[in-house]
Amino acid sequence: MSSIPAIDANALTKAYPNGRGCQDVTLTVGKGEAFGFLGPNGAGKSTFVKMLVGLISPTDGQASILGHPLGSIEAKMKIGYLPELYRYQDWLTGEEVVRLHAKLCRIPKSVMDQRIPQLLQEVGIGLRGGDRVKHYSKGMQQRLGLACALVNDPEILFLDEPSSALDPIGRMEVRKILQRLKERGITIFLNSHLLEDVEVLCDRMALLSNGAVLRHGKVAEMLNKRTNWHFKVGGYTPFLLSWLNEHTGLTIRQSVPAAGKSGYDPAQEGESDSSIVWLAAELDHEEQAGWLNGLMVQQGMTLYQVIRQTERLEDWFMDAVAGLSHRGEKE
Amino acid sequence: MRTILAMTWKEMLRKKVMLLTLLLTVVFLIAFWFVADTVGRNDPNTGTLGNGNGLFMQYMNGAFILSLGFFFGAFVIAFLAIFSSFSVIAGEAEQGVMQALLPRPLPRWKWYLGRWLGFVTLGTIYALILFTAILLITSAHANVPRDAAVLVKSFLLFASVVPLLISVSMLGSGLFSALGNGVFMTMLYGAGFLGGMVDKLSGSLRLEDDGLKVLNNLTGMISMIMPADTLQRRMTVELFSLKDLNGMVSMNSGALTLMNFNSFPSNTFVVYAVIYTVVIFGLGLLRFQRKDL
């Protein structure tokens, strides 16, 4: 297998006179990888993607797509792109739009005739492919955009907010399509505000802020996915907590779960009773939780509720950009 | 490139641009028929071999009718050329159509040339239909030139404003917003038309030589910036062989007012217009190659 990365950007820069754009973005995406590109609005994510697909020229730095220079025909042959803000020719039908893209990709007619109806079915357009695009909702246009991006069976798929206009069912469907594409070994570069999509789909990610990469790495490592377990117990005394810490070697503390997560609702808590508290511990696996439960009951405590909470990408994202000054979308 | 060319044709047909243009053209041609009929009845019918003045009057009637037809025709093909192409880059970029299309494996120059050829071919076909219809209607009511070489040369000059205006319009579309370019192109063409009118009227104003020279310089400069109207005047000159008539009859009176010129656009000017079109096309292409979308 060749060691040429799918995307290789080295200090890629687009400087605009107003100071926007992105600076010195260096990242590598391997073949078959799903890469998430995150950042607040106006961080420069779309600018970076547009450089990669050849819509805008970098002012500095270098990058290649599967070893081919940015904007070259060879690079464009291998990519599919769903832009963030786009419209298709509203005087064409959905099927004609996909066919137009297929022709530009030099796909033989026999292949087109077979692939296009399948694609329209897969993205959820189906028989409405015969309707003019002007009659499509925004969500339908987004599905059409996905069909166009996939028509040339790309090796790398660039998606700029692929499900921003979709309803929850549509988002789920798109996520499933992307999962299937990932399983087929297609490289996915996902620029999304929907952090859940990135968390579920991506292997690695980068966080862009004010045009520069703030952090990048494997999703699991960056999230440092340790699980917090919360135990609501009765018959608590400080002595019992010391005993548990000493006996288990874990760090167990008094801590209320984060509201809204894993079904915890502070409003449903009963009247305060100093002997009923929430204890929390960071555990690696479920067996530890079971063992801890047993010890608590052994020591005379009553176990009322157990909640498992994992740090979500949203928390990580907020932590990462907290306290930073963001230039935002406007001057 | 053929795909883009075909897409352009389909766009013009689906958006009913051509249909509306053709419908309005039919309305114009019906009105033109009645105008030609009315003017044609004014034929002195004295065109005998012994009466040169009668022949000249017959010629004048035909020339007047044709001038009216081409006066309108020049407007229509100019506006068709401008309004079909003024938003082709800026408009599509603003709407986001281009962002989806240009990452495809198609060199930008092919996209640009495909669009240009699409607009130019449709505009030229329309110009041919209009040119032929005006000639046929006029020939039913008065004498028209029948020399094939004259007709071909006249048509080429008549249709030459299509590639010229589309080249300027596409360059403008790469530089300005869609709305800004629409206003810019209308004003630019209007300035060229105004220059032509000043040129036509200045001959009948009986100005002093100095005043005439100033006006000539002014209209010359306008023609250099926007040669469309001057090309149309050259078309009229070719069609009616006005160069041959110059000096034989007064060009400042009667039915010749519409084609009355202080000076006939020279061959050098036609060459200038061709170079102008090529350079503007090249600049537009260059601009598009480097444009961030």
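Colleague: How many salt bridges turn up over all chains?

Modeller: A search of the whole structure, which is a predicted model, finds 23 salt bridges.

Colleague: What makes Arg99(A) and Glu95(A) a salt bridge?

Modeller: The N to O distance between their side chains is 3.4 Å. The cut-off is within 4 Å, so the pair counts as a salt bridge.

Colleague: And how far apart are Arg99(A) and Glu95(A) in helix H3 of chain A?

Modeller: They sit 4 residues apart in that helix, which covers residues 94-104, so about one helical turn separates them.

Colleague: Why is Glu95(A) called partly exposed?

Modeller: Its relative accessible area is 30%.

Colleague: What about Lys109(A): buried or exposed?

Modeller: Exposed, because its relative accessibility is 55% and the label needs over 50%. Its salt-bridge partner is Asp113(A), with the closest N and O atoms 3.0 Å apart. Asp113(A) has 35% relative accessibility, so that one counts as partly exposed. Both residues lie in helix H4 (residues 109-122) of chain A, 4 residues apart. Glu95(A), Arg99(A), Lys109(A) and Asp113(A) are linked in a network of salt bridges.

Colleague: How many salt bridges are there between chain A and chain B?

Modeller: The count is 3. Among them, Arg14(B) pairs with Glu96(A) at 2.8 Å, N to O. That pair runs from helix H1 (residues 2-14) of chain B to helix H3 of chain A. Glu96(A) also meets Lys10(B) in a salt bridge, at 3.7 Å. That value is within 4 Å, so the Lys10(B) pair qualifies.

Colleague: How much area is buried between chain A and chain B?

Modeller: About 2,500 Å², with carbon and sulfur atoms giving 59% of it. On the chain A side, Leu55(A), Trp91(A) and Leu104(A) lose the most area to chain B, together 31% of what that side buries. By contacts, 34 residues of chain A touch 24 residues of chain B.

Methods
Residues are numbered from 1 along each chain as its sequence is written. Chains are lettered from A and ligands numbered from 1 in the order in which they are written. This is a predicted model: local features need pLDDT of at least 70, side-chain atom pairs count only at pLDDT 80 or more; totals for chains, interfaces and linings use all residues. Side-chain values use heavy atoms; hydrogens and water are left out. Contact means heavy atoms within 4.5 Å. Buried area is the accessible area (1.4 Å probe) that two parts lose on being put together, summed over both. Helices (H or I, at least four residues) and strands (E, at least two) are DSSP runs, numbered from the N terminus. Buried means under 20% relative accessible area, exposed over 50%, partly exposed in between (1.4 Å probe, protein chains only).
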